[in-house]
Amino acid sequence: MSQLDAILGKMRILAIDDLVESRSAMKKMLMILGANKVDIAMDGDEATEFIFNNSYDLIISDYNLGRGRDGQQILEEARFTRQIKATCTFVMLTGENAMDMVMGAIEYEPDDYVTKPFTIDVMRQRLTRILNVKEQLKGINESIDRQERRKVLPLCDALIEKQPRLKLRIERIKGRTFMALKEFKAALDLYQNILKEREVNWALLGKATCLFNLEDFDAAEKVLEHTIREHPKYVQCYDLLCKIHLKRKKLQSAQNTLLRATKVSPKQVLRQMELGRIAYANKDFAVAESAFKMSVKLARHSCYRSVKNYLLFAKSLQHKITPQNNKDSRAGSQEALKAVEEAKTLYKDNIDYVFEATIIESTTYSNLGKEADAKAAAERAESLLMEINEPSGAMQLSMVNVFLETKQHAKAQDLLGTLGTRKDLSRAETRELTRTKNEISEVVVREYTTEINDQAIGFFERGQLNQAIELFDKATAYKEAGHTVVVNAIQAKIAFMDQREPTKTMVKEVDELMSRLGNLPESDERYDRWLQLRKAQERLKRSI
Amino acid sequence: MAFDYNTLLSAELHDIKNQMQALLSAQEDLNEVLKDKEQYQSYIANVNQHSQLLNHKLLEILSILKIQNQAFTPCEDEHWLLDTLSPIIHEFTQLHGMRITHHIDKDFNGFYDEQLLEIALHNSFMNAKQIGASQLQVSVQEFSDGHWLIDIQDDGPGFKDKQLYEDTFTIQGTKNGLGLYLIQQALMAHKRNGNTGSIHIKNNPTQGACVQLIFP
């Protein structure tokens, strides 16, 4: 065992366990086995911090770390962000109930796992073994670290030749490399050969993944269903099954599949985020809410932290926020506003995000019936939008909705006008634009055109005909504008031409407005004015 | 909502496992501190023996629960046999005074549920010890169709005829019955290409019993 002494003595080691006794016991055990430099972390956040600041040769983590992230997530994130190298050895300590989740991880499996409770003899034996195996795989892992994927494959073949006992372990790396190179056919052949010998769970998932990428969804689904029957806790299978449902546009099935997976393993951030997004699209806000809530909590200190989690969480809470101010609504609005605040603080340097957060803040207040607060937030959002260099169509659309919620119809209409001229809207945005336009009722537009009409009359009466005409044009641009507005517009234009001089363009504009009015009946209160204006128009026409 | 005993039991067992782990560590500390004090060694050995047994019993409970659970699937994976076997050999030689020899390549690895194999090996060794054996010989045989077995021979009085002709082992009867039953269950949980693991027992031509743990 002196060999293990020597190896461990040179290593930088991190031990992760949530229980204080287990942590110190593990450190002591490692010291007895010959380690010199052992850091200990109590949870995922602390571990991430340590991993970020140091370069470890060996990490030993308990799978179950209490309330935060679990050991598998620490491993996945650290490998995903390349904070730990492929040459770093990761040993997971597990209870038997977590084995399927750990063993089946297709991309980021631990190098070894030890079942609790274990004695020092067991640990000695296992560490000696795995460090020895890892040493043999060193060349391959170094190529992986240098991202020289093409070199990995021949190295794998050479090592299988030399160490046939390590065949399965090496083939697992090979399969992963083929997939990274997008050589799915080669990967599929490899997995199928492995499966002829034995139904290894990761080879089953590998096969299904290849079939999925080769777009044979039926075959992939069949493999996955079989695998889930045999290994009900193998959650990665549910993730892939969900992708198949999404490809087939079966959103409800996708949601149900992910729900099953989150019941088995609730702490995977990416899965919770995906579930939240799908449930939100399905308008299943209760599911979306709990998924995003979990995502916010789990990702707070991880590489997967994203503003979307906060904002979508706040959005998914809106369905329960009402002016009735019941318990649900109070709790919901508090949570929503808290999420919005947290997003604004965390992403204060990103004006786009602050804008989006402020939009949701305004909506929350609107739903609560707090009109003044909603309007204040809307105004903050409006000035943020002005600061943004090239606001996206989606941003403008969300601003339009907030204008409407806060009864600022004129502003909403203006912005809708701008949006209508944009050529870069996505299909979804165009749909949303049409929907918003349709949602604006005729009455609302009438109210709006009347609002402008009143302002225009003010200008007209003060003799500011230019301004009056500009506003009347705006009002009559809506087909919903009433006859009074049209008559007023005609009157302003004729007055203008009488004062200055008639122009062909304006005469034509008046003609168009006249034809919109048609023939007013004598009973109409505007009949006399209309008749006079028609005569004036004829006169102006003759003079040009 | 129905009361979920399984969740409760799992939570309790999880706590017990953690306590067991802490106890084993505390014991390691004690061993370390007292390693030069000859006068305490017999006490330490005694404590070690009982805690090892307790640890083993805990694993056994976990395995029984596992096997009993309808939704149970074994966690078969690649393991190195000596990694699994060595701590058990260590326990039986150090704490129970048995002589154990093996002819197993240090690089031999197989596909099995490690916890279940531990139970099977531990029970096989314990059966031999309880029946009066003092020496064990362990070896491995591999076959071209991929199946393999662990062969355990002892120098005890061997199985009684009645036991040899029974098709299956039941949990009724003696302590030995439970041991063989558990071993059988542990092996039957292993499956490959439609075949299932099994246990085969026989008596050696000259002396002692032979237990074969057969993996599909």
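In what order do the five strands of the open sheet in chain A stand? The order is E2-E1-E3-E4-E5, and the pairing is parallel, where two strands count as paired if DSSP finds at least two bridges between them. Before I go on, a word on conventions: this is a predicted model, in which local features need pLDDT of at least 70 and side-chain atom pairs count only at pLDDT 80 or more, while totals for chains, interfaces and linings use all residues. Residues are numbered from 1 along each chain as its sequence is written, and chains are lettered from A, with ligands numbered from 1, in the order in which they are written. Helices (H or I, at least four residues) and strands (E, at least two) are DSSP runs, numbered from the N terminus.

To return to the sheet, its edge strands are E2 (37–41) and E5 (112–115) of chain A, each of which pairs on one side only. Neighbouring strands are turned by 20 degrees against each other on average, with direction ignored; the axes here are lines fitted to C-alpha atoms, for helices over the stretch in contact, and angles run from 0 to 180 degrees between N-to-C directions.

Let me now take the strands in turn. E1(A) and E2(A) pair in the parallel sense over five bridges, and A:Arg12 stands opposite A:Lys37 in E2(A). On to E3: strand E1 (residues 12–16) is joined to E3(A) by four bridges, again running parallel, and strand E4 (residues 89–94) is joined to E3(A) by five. A:Ile60 of E3(A) is the bridge partner of A:Ala15, and A:Ile60 also stands opposite A:Val91 in E4(A). From E3(A) the chain crosses through helix H4 (residues 71–80) to E4(A), and this β-α-β crossover is right-handed, meaning that, with the strands pointing away from the viewer, the path from the first strand over the helix to the second runs clockwise.

Is E3 (residues 58–62) mostly covered or mostly open? Strand E3 of chain A is mostly covered, with five of its five residues buried, that is, with 20 or more other C-beta atoms, placed from the backbone, within 10 Å of their own. In a regular strand the side chains alternate between the two faces of the sheet. Here both faces are covered, with A:Leu58, A:Ile60 and A:Asp62 on one side and A:Ile59 and A:Ser61 on the other.

Finally, a helix pair: the axes of H17 (residues 307–316) and H18 (residues 327–346) of chain A come within 8 Å and cross at roughly 160 degrees. H17(A) and H18(A) are therefore roughly antiparallel to each other, a term used for angles over 145 degrees.

Technical notes. Buried ≥ 20, exposed ≤ 12 C-beta atoms within 10 Å, placed from the backbone. Parallel < 35°, antiparallel > 145°, perpendicular 65-115°, else oblique.
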